[in-house]
Amino acid sequence: MMQAKKIALYMIVVFVLYTIIHSPKRAADLVGVGFEGIASAAQGVGDFMTELVK
């Protein structure tokens, strides 16, 4: 099982590196979308906690 996890991790790393090298603009767009999603989720949690305190 551990060997399968290692192989999967290596495949993911190779895919990410290939994506960055092959189309850096697309990779940057995906990272931007990811950060926007994280920021939006954090804002939602903050709004929820603020409403709980009120």
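1. Helix α1 consists of 21 residues and reaches 30 Å from its first C-alpha to its last, close to the 30 Å expected at 1.5 Å a residue. The model under review is a predicted one. Within α1, the number of buried residues is 1 out of 21, so the helix lies largely in the open.

2. As regards the fold, the protein chain contains 2 helices and 0 strands. Its radius of gyration is 18 Å, well over the 10 Å that the globule rule gives for 54 residues, so the chain is more spread out than a compact globule. Along its principal axes, the C-alpha trace spans about 50 × 35 × 5 Å.

3. The accessibility of the chain may be considered next. Of its 54 residues, 4% count as buried. The protein chain exposes about 5000 Å², and carbon and sulfur atoms supply 75% of that area.

4. The patch is formed by L9, I12, V13, F15, V16, L17, I20 and I21, which together have about 800 Å² of accessible area. One of these residues, L17, is found in helix α1, which covers residues 2-22. L17 counts as partly exposed because its relative accessibility is 46%, a value between the limits of 20% and 50%.

5. T19 is also located in helix α1. Is T19 buried or exposed? T19 is buried, since its relative accessible area is 18% and the buried class lies under 20%. The side chain of T19 reaches the backbone oxygen of F15 at 2.9 Å. F15, for its part, belongs to the nonpolar surface patch.

6. Helix α2 comprises residues 24-53, and A39 has its place there. With a relative accessibility of 45%, A39 counts as partly exposed. How far apart in space are A39 and K6, C-alpha to C-alpha? The separation of A39 and K6 is 31 Å in space, while in sequence they are 33 residues apart.

7. E36 is likewise found in helix α2. E36 counts as exposed, its relative accessibility being 58%. From E36 to I12 there are 24 residues in sequence, and the two are 22 Å apart in space, C-alpha to C-alpha. I12 is among the residues of the nonpolar patch.

8. Salt bridges remain to be noted. How many salt bridges does the count come to? The count comes to 1 salt bridge, in which the side chains of K54 and E51 meet at 3.9 Å, N to O. This pair qualifies because the cut-off for such a nitrogen and carboxyl oxygen is within 4 Å. K54 is exposed, with a relative accessible area of 73%, and E51 also counts as exposed, at 51% relative accessibility. Both assignments follow because the exposed class begins over 50%.

Terms used
Residues numbered from 1 in each chain as written. Predicted model: local features only at pLDDT ≥ 70, side-chain atom pairs only at ≥ 80, totals over all residues. Heavy atoms only, no water. Buried < 20%, exposed > 50% of the residue type's maximum accessible area, 1.4 Å probe, protein only. Patch = residues over 30% accessible without salt bridge, like charges linked within 9 Å, V, L, I, M, F, W, Y side chains within 5 Å. Areas by Shrake-Rupley, 256 points an atom, 1.4 Å probe, with all protein chains shown as cover. Helix = DSSP H or I, 4+ residues; strand = E, 2+ residues; numbered from the N terminus. Expected span 1.5 Å × (residues − 1). Rg over C-alpha atoms; globule rule 2.2 N^0.38 Å. Polar contact = N/O pair within 3.5 Å; in protein donor to acceptor, adjacent residues only side chain to side chain.
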